[in-house]
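Colleague: I have a model open and would like to learn how to read it. Please take me through it feature by feature.

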Amino acid sequence: MSSRIGVYVCHCGTNIAGKVDSTGVAEFAAGLKNVVVARDYKFMCSDPGQDLIINDIRQMGVNRVVVASCSPRLHEKTFQNALARAGLNPYLFQMTCIREHCSWVTEDPAEATDKAKKLVAAAVSRVNWHAQLYSRQEAVHPDVLVVGGGIAGIQAALDVAKSGHRVHLVERSPSIGGHMAQFDKTFPTLDCAACISTPKMVAVAQEPNITLMTYSEVAEVSGFIGNYTVTVRRMPRYVNMDLCTGCGLCLEKCPRKVLSEFDEGMGVRKAIHRNSPQSVPNTPVIDADNCIYFKKGKCGACQKNCPSGAIDFTQQETTETFQVGSIILATGFDALDPTSLEQYGFGRYDNVLTALQFERLNNAVGPTGGKIQLKDGTPPKSVAVIHCVGSRDVNHHEYCSRVCCMYALKYDHLIRDKVGHDVDIFNFYIDMRCFGKGYEEFYRRVQEEGVTFLRGRPAEVTRHALTPEEEGKLIVVSEDTLLGRVMRVPVDMVILCTAMEARKDAPDVARIFGIPQGQDGFFLEEHPKLGPVSTATDGVFIGGTCQGPKDIPDAVSHASGAAAQALSLAAKGEVSISPTTSHINPDVCIGCKTCIGLCAYSAIEFDERRAVSVVNEAMCKGCGSCAAHCPSGAAQIKHFTERQIFAELEGLLARRPAPAGTETQTEQGAEDAAQAKA
């Protein structure tokens, strides 16, 4: 069947038409080979715009379609669905981007229009070689995997479990709760963090549809959307969870004390420990690296005193494998370690604290029982709170961490409330960003409490005193940009509002689940507006702060969105798998196995009988690594074959008559040469 191509050029309001002559591009396209109709319309993605395509397919016999508009990431599926409704195979379609690639990046309208014409010509040349492809339907396993037991992971797990689907919740720590379990109060309502999170943690433990796996990590994931095989590595707790009653006697009898990671090094814990009395599960875990029994082969105080005989020093690491249909990643964030910012004196000066250290200092079950005090046990008479430590900083993280301004205001209020109204509090800020519901009102409330705000990023925190008033104090040196002068502010305590950053193991997690990271290290969503919880790997969703800095309400709602996406797959029961996968021609393959080592998804196997490589299309993601490296050209990606790519290049590079009234450089050079010869 000969090609009958329809070309449709979008104005996108003024996004494209403001620079590109959309009507002129359509007129140009009408003269290209095999084009039977070319139209321009204000909004091709709208229902009337799609109807133009559908009607031309039905009435004019158009059997291939080119749309010149915005990015294919935004509306390619929209137009493919329009083709399907008209009865045309959706892969007989090519979309070219003349918004992001032309109008938005080109100053001169004539240049933008000329480039748009070339891109349309390339798309028309390519679509001639498109072939019909068909998606296949696969059954979806109803179970869901949630990775990460912070507040986002808890919310996602509960949302899915309440629908009747089974959830496997994997958390690498001994108990769930994440960073929120470390907090004392939440802004702006000053609700008790434990009062909010503990009931949800208990609900997870008691929910029959949730299999809770703490002190565990996902070791391997294979398969494809709807049918993932997950292997979880479970570390030994050396405490039998079925026998332990959580009485805590072992914690009392253990003689070994070490610094507590949960208390951010502000307090101590035993070698056998749990994060807090509210930990879920409430079963302790033995730290083998610090346990006297594991180090010297003696002690065993916990085992001797356990009334239920739950201590088991023989436990070994185990693995567990199960099937799920979709995956939600809610692995959270790390707080920046400010040691590298030497100007702030963290780690060198006493009473210079990070935000999480102050949270534990202020917490009722923290190392001081909720008393805000200096290292010598006395309450501070003056406190400096430094915003944006590591955030909005070209040397560290250029992004805003979004929560620092608000938790700094929370600290201001808590210090006032617990230490007294005579304490001096200084906030050093760049800009106050109080964007959420009730946030601006809370900011005003703290201002009215007498907190001092100085606009400027501090240059350093030092103990070098210049006046008697500065002796024995921490001196914050900063410019006040509103006054236009350098300030030296002596204080007793400094709190550093450190940046939220991607977890240190984020690259390993991204590799296991086959998802990309952004420049900031956080996991990259499919689309910042239309796909904020989806990823490049179908069936894998992200929720909470693993996608970027968020406060608690945003993290919870984001996680619920991920749960809804996972449930939509499970509820439907089947999923359409894209046909744009790799195919290896057995008549051309030389059996070199180069592609097998390159495949990131283990989708290629070697057929020993035929001595050729074979693609498992169920696992292939169509990334193209095999096709790019295949020395014989046997590996090709469906819908991105060599013939299609070269046809696109030929259409792009084809010589065409210059627009009326213009001359190409070659023509002008020939004319100059002729005049010189004369």
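Predicted model: local features only at pLDDT ≥ 70, side-chain atom pairs only at ≥ 80, totals over all residues.

Colleague: How many helices and strands does the protein chain have?

Modeller: Helices (H or I, at least four residues) and strands (E, at least two) are DSSP runs, numbered from the N terminus. Here the protein chain has 19 helices and 34 strands. Its C-alpha atoms fill a box of roughly 95 × 70 × 50 Å, taken along the principal axes.

Colleague: What percentage of the 678 residues count as buried?

Modeller: Buried means under 20% relative accessible area, exposed over 50%, and partly exposed in between (1.4 Å probe, protein chains only). Of the 678 residues, 50% count as buried. Among contacts with a separation of 6 or more, 68% join residues 24 or more positions apart.

Colleague: Which residues touch the most other members of the largest nonpolar core?

Modeller: In soluble globular proteins, nonpolar side chains tend to be buried together. A nonpolar core is a set of buried Ala, Val, Leu, Ile, Met, Phe, Trp, Tyr and Cys residues joined through side-chain atoms within 4.5 Å. The largest one has 57 residues, and Leu145, Val218, Ile327, Ile328, Leu329, Phe513 and Phe523 touch the most other members. Helix α6 (residues 151–162) gives the most to this core, with 7 residues. A second, separate core has 42 residues, including Val20, Val65, Phe79 and Ala82.

Colleague: What does Leu145 touch?

Modeller: Leave out residues up to four places away in sequence, and the partners of Leu145 include His168, Val170, Val218, Phe322 and Phe513.

Colleague: At what angle do α12 and α13 pack?

Modeller: Two packed helices are described by the angle between their axes and the distance between the axes. Axes are lines fitted to C-alpha atoms, for helices over the stretch in contact, and angles run from 0 to 180 degrees between N-to-C directions. Helix α12 (residues 404–419) packs on α13 (residues 439–448) at about 35°, with the axes 10 Å apart. Their crossing is left-handed; that is, the near helix is turned anticlockwise from the far one by less than a right angle, whereas clockwise would be right-handed.

Colleague: Which residues meet there?

Modeller: From α12 come Met406, Leu409, Lys410, Asp412 and His413; they meet Tyr439, Phe442, Tyr443, Arg445 and Val446 of α13. The contact divides into 6 nonpolar, 1 polar and 3 charged residues. Ala, Val, Leu, Ile, Met, Phe, Trp, Tyr, Cys and Pro count as nonpolar, Asp, Glu, Lys and Arg as charged, and the others, Gly among them, as polar.

Colleague: Why is α11 described as largely enclosed by the rest of the structure?

Modeller: Because 8 of the 8 residues of helix α11 (residues 355–362) are buried. Charged residues Glu359 and Arg360 are among them. The buried residues pack against β19 (334–335), β20 (352–354), α12 and β27 (493–498).

Colleague: What span should α15 have?

Modeller: The expected span of a helix is 1.5 Å times one less than its number of residues. Helix α15 (residues 552–572) has 21 residues and should span 30 Å; its end C-alpha atoms are 30 Å apart, which agrees. Its buried residues include Ala555, His558, Leu567 and Leu569. The buried residues of α15 pack against elements including α6, β6 (144–147) and β18 (326–329).

Colleague: Which peptide bonds are cis?

Modeller: One runs from Phe187 to Pro188, with omega near -5°. Pro188 sits in the loop between β8 (185–186) and β9 (191–192). Another joins Val280 and Pro281, with omega about 0°.

Colleague: Is Tyr238 buried or exposed?

Modeller: Tyr238 is buried, at 12% relative accessible area. Its phi is near 65°, a positive value in a residue other than glycine. Tyr238 lies in the loop between β12 (227–234) and α8 (249–253).

Colleague: And where is Thr535?

Modeller: Thr535 is in the loop between α14 (506–513) and β29. At 3% relative accessibility, Thr535 counts as buried. Its contacts include Ile515, Leu524 and Phe541.

Note on methods
Residues numbered from 1 in each chain as written. Heavy atoms only, no water. Contact = heavy atoms within 4.5 Å.
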